[in-house]
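Hi,

Here is the structure I said I would pass on.

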Amino acid sequence: MESERLVIDHFGPDDYDLLCALAGDPAVAGSGGWPVYDGKPDTGNLLMAALTAPIAFAIRLKGRDNTDVLIGGVKISLRGISSLDIGDNEGEISFWIGKPYWGRNYGLEAVMETLRYAFEELGLKRVWAAYFDGNKASEKLLAKAGFSYIYTMEDLWWFPSGDIRTEHIMLLE
């Protein structure tokens with residue numbers, strides 16, 4: 001997939017170090033609910049596995065001479081993979097952008113292109129999204145992308161980060 005400023009493609013083995021550095025940053029990991037990268041292979045492997053699921057894509061900033069730079073990730077989780085109770089023709093979108101790239105609307109651009117893919121290529125009828133309480137940037141991005149608030153889950157035990165969270169659920173039909 002491609003947008004004006006981004007290439008959205010599959011993660012590869014060469015992405016490991018940068019993925020760990022960007023996604024494992026405390027600000028990004030805290031918002032996403034996964035472990036902060038501590039330099040240990042187990043943590044890096046957990047990040048790589050969690051963030052590169054079957055329908056997961058690297059978000060890359062277009063560069064000159066085919067030197068696209070990894071800046072984040074976006075994925076669609078289908079029924080059985082999503083943490084939400086979704087239907088057969090539904091998916092859940094999740095995304096993250098590395099902190100050095102915040103505030104430039106790269107996340108919105110990637111989400112919009114991935115939503116096009118979800119509806120047109122995967123044939124999904126509904127796409128869900130969730131964000132943790134306090135993550136105003138994701139809340140704002142999802143609203144701009146057309147999602148509507150549906151419900152909130154409080155006192156949710158979130159295994160990857162090992163804490164209790166409040167999660168807000170949104171839907172796009």
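Below is what turned up, starting with the sheet and then moving to single residues.

A word on the ground rules: this is a predicted model, with local features needing pLDDT of at least 70 and side-chain atom pairs counting only at pLDDT 80 or more, while totals for chains, interfaces and linings use all residues. Numbering runs from 1 along each chain as its sequence is written, and side-chain values use heavy atoms, leaving out hydrogens and water.

**The sheet and its helices**

There is an open sheet of 7 strands with mixed pairing, in the order E1-E2-E3-E4-E5-E7-E6. Strands are DSSP runs of E with at least two residues, helices are runs of H or I with at least four, and both are numbered from the N terminus; two strands pair if DSSP finds at least two bridges between them. At the edges sit E1 (6-9) and E6 (148-158), each pairing on one side only. From one strand to the next, the twist averages 25 degrees (axes are lines fitted to C-alpha atoms, for helices over the stretch in contact, with angles from 0 to 180 degrees between N-to-C directions).

Helix H1 (residues 16-23) packs on the sheet and touches E3 (69-78) and E4 (90-97), its direction making about 80 degrees with that of E3; contact means heavy atoms within 4.5 Å. Helix H5 (residues 136-144) lies across E4, E5 (126-132) and E7 (163-172), and runs at about 160 degrees to E5. Back at the E1 end, E1 and E2 (residues 56-61) pair antiparallel over 4 bridges, and aspartate 9 has alanine 58 in E2 as its bridge partner.

Tyrosine 149 is in E6 and is partly exposed, at 47% relative accessible area (buried is under 20%, exposed over 50%, partly exposed in between, with a 1.4 Å probe and protein chains only). Aspartate 155 also lies in E6, but is exposed at 64%. Over in E7 is aspartate 163, partly exposed at 27%. Aspartate 163 touches Leu156, Trp157 and Trp158, leaving aside residues up to four places away in sequence. Its C-alpha is 8.9 Å from that of glycine 33, 130 residues apart along the chain.

**Two backbone angles to check**

Most residues other than glycine have a negative phi. Aspartate 155 has a positive phi of about 55 degrees, and asparagine 105 has one near 65 degrees. Asparagine 105 lies in the loop between E4 and helix H4 (106-121) and is partly exposed, at 45%.

Cheers
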